[in-house]
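I keep these notes as I go through the structure one item at a time. Each entry says what I looked up and what I found.

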Amino acid sequence: MDALDRARALLSEVEQAKLASAAEAEAFRLRFLGSKNELKELMALIKTLSGEDKKKLGQWVNTIKQQAEEKYRQAMQQLRALEETPLPADLTRPGWPHALGSRHPVSVVREQMTDIFLRLGFAIATGPEIEDDWHNFTALNMPEDHPARDMTDTFYLRRNPDLMLRSQTSNVQIRIMQRQKPPIRIIAPGRVYRNETITYKSHVFFHQIEGLYVDEQVSFADLKQTILYFVREFFGADYACRIRPSYFPFTEISAEVDIRRPGSDQWLEIMGCGMVHPEVLRNCSIDPDRYSGFAFGMGIERPAMLKYGISDIRLLYENDVRFLRQFASA
Ligand code: DAH
């Protein structure tokens with residue numbers, strides 16, 4: 001191969017060289033532009049050529065050198081630019097998870113409770129949280145100066161002192177009996193308010209479930225059976241349950257229900273109940289000689305705390321997700 005053929009071959013090598021990485025670029029530089037490059041070797045052959053060919057070879061070598069320089073310059077520019085661009089986002093990387101909320105333990109327990117009564121044929125009823133004196137107290141046999149009002153002191157509206165935040169879901173008993181005639185079989189879950197000091201066991205609001213069953217010949221035995229069924233379903237058959245006499249103005253006879261967890265010697269009160277007072281039926285235009293009924297009311301927080309071993313009621317209202325999340329699968 002003579003020097004000119006060799007020049008032609010070198011040019012095509014320069015054109016076809018791939019300079020995709022820093023290493024390839026450096027090899028290229030050493031080969032064509034370095035201190036001992038192949039162009040110099042080619043140039044050394046010039047003495048083997050005669051006049052016209054010497055000139056041609058000089059031109060070839062110049063062309064190859066220019067091409068090599070230009071190719072190297074462009075490659076380095078591209079490599080540097082690549083280095084500076086941030087890596088494109090990794091499209092295969094999993095996305096950030098959306099934080100999912102969980103149901104509040106009070107909602108979870110409220111639903112467990114209502115489910116049990118729904119199975120017994122009770123329907124769900126609701127009533128207002130801002131209530132007038134008559135529905136919250138008077139119609140429930142607690143006239144204005146009745147001492148029992150003290151037990152459930154609540155918050156009144158400054159602009160209309162006849163209105164208050166209801167202190168009990170018993171107001172729903174009155175609202176339902178006013179507009180619906182027996183048979184009536186409802187439960188009313190909802191929020192109630194009390195003017196109480198906030199401690200580990202009491203708060204200015206909490207939740208109750210009220211029950212009311214009015215029909216002909218409803219008896220205390222019906223009440224007892226309903227409550228025993230509830231305790232067994234909600235707490236479990238291994239819990240002991242006792243019903244002891246008590247007093248509420250809106251029931252006659254009145255009772256309270258205590259439960260005792262297996263292995264414990266402590267009775268814990270969970271609800272008040274009784275036979276609807278004839279005066280309360282009369283206040284709602286229901287004839288007490290024809291109809292009788294039972295009613296019960298219980299808090300939701302206390303059984304929830306018993307069931308899940310929560311020792312401070314305030315935890316339920318702080319909405320700390322680390323606390324709330326524990327009940328996500330309850
Ligand atoms: N309303 C009562 C309270 O808040 C609970 C209660 C007791 C409701 C007896 C009733 C009942 O329906 O019959 O303390």
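**Entry 1: Lys54.** Which residues does Lys54 touch, not counting residues up to four places away in sequence? I found Ile46, Lys47 and Leu49. The model I am reading is predicted. Lys54 is in helix α4, which runs over residues 51-84. I looked up the exposure of Lys54 too: its relative accessibility is 35%, so I put it down as partly exposed. I then took the C-alpha to C-alpha distance from Lys54 to Ala3 and got 9.5 Å, for a pair 51 residues apart in sequence.

**Entry 2: α2 against α4.** I stayed with α4 and looked at how helix α2 (residues 22-32) packs on it. The two axes come within 10 Å and cross at roughly 160°. An angle over 145 degrees counts as roughly antiparallel, and therefore I describe α2 as roughly antiparallel to α4. The crossing of α2 past α4 is left-handed. On the α2 side I listed Ala22, Ala25, Glu26, Phe28, Arg29 and Phe32; on the α4 side they meet Ala68, Lys71, Tyr72, Met76 and Leu79. Sorted by type, the residues of this contact come out as 8 nonpolar, no polar and 3 charged.

**Entry 3: domains.** How far apart do the C-alpha centres of domain 1 and domain 2 lie? I noted 95 Å. The bounds come from the domain assignment of the protein, which gives 3-83 for domain 1 and 105-327 for domain 2. The next entries concern residues of the second range.

**Entry 4: α5 against α8.** I took helix α5 (residues 105-119) with helix α8 (residues 220-234). Their axes are 10 Å apart and the packing angle is about 135°. That angle makes α5 oblique to α8. The crossing of α5 past α8 is right-handed. In α5 the contact residues are Val109, Gln112, Met113, Ile116, Phe117 and Arg119, and in α8 they are Thr226, Tyr229, Phe230, Glu233 and Phe234. I count the types as given for this contact: 7 nonpolar, 2 polar and 2 charged.

**Entry 5: Leu228.** While in α8 I checked Leu228, which belongs to that helix.

**Entry 6: α5 against α10.** At what angle do α5 and helix α10 (residues 301-308) pack? I have about 100°, with the axes 10 Å apart. This makes α5 roughly perpendicular to α10. From α5 the contact uses Val106, Val108, Val109, Gln112 and Met113; from α10 it uses Glu301, Pro303, Ala304, Lys307 and Tyr308. The contact of α5 with α10 divides into 7 nonpolar, 1 polar and 2 charged residues.

**Entry 7: α7.** Which residues of helix α7 (residues 171-179) are buried? My list has Asn171, Val172, Gln173, Ile174, Ile176 and Met177. I then asked what covers them. The cover includes the strands β2 (130-132), β4 (184-193), β5 (205-215) and β9 (292-299), along with the helices α6 (133-136) and α9 (278-283).

**Entry 8: backbone.** Most residues other than glycine have a negative phi, and most peptide bonds are trans.

- Pro182 and Pro183 are joined by a cis peptide bond, with omega about 5°. Pro183 sits in the loop between α7 and β4.
- The bond from Glu252 to Ile253 is cis as well, with omega near 5°. Ile253 is in strand β7 (residues 251-260).
- Asn141 is not a glycine, yet its phi is positive at about 70°. Asn141 is in the loop between α6 and β3 (163-165).
- Ser285, also not a glycine, has a positive phi of about 55°. Ser285 is in the loop between α9 and β9. With a relative accessible area of 62%, Ser285 is exposed.

Technical notes
Residues are numbered from 1 along each chain as its sequence is written. This is a predicted model: local features need pLDDT of at least 70, side-chain atom pairs count only at pLDDT 80 or more; totals for chains, interfaces and linings use all residues. Side-chain values use heavy atoms; hydrogens and water are left out. Domain bounds come from an automatic or database domain assignment. Axes are lines fitted to C-alpha atoms, for helices over the stretch in contact, and angles run from 0 to 180 degrees between N-to-C directions. Helices (H or I, at least four residues) and strands (E, at least two) are DSSP runs, numbered from the N terminus. Angles under 35 degrees count as roughly parallel, over 145 as roughly antiparallel, 65 to 115 as roughly perpendicular and the rest as oblique. A crossing is left-handed if the near helix is turned anticlockwise from the far one by less than a right angle, and right-handed if clockwise. Contact means heavy atoms within 4.5 Å. Ala, Val, Leu, Ile, Met, Phe, Trp, Tyr, Cys and Pro count as nonpolar, Asp, Glu, Lys and Arg as charged, and the others, Gly among them, as polar. Buried means under 20% relative accessible area, exposed over 50%, partly exposed in between (1.4 Å probe, protein chains only).
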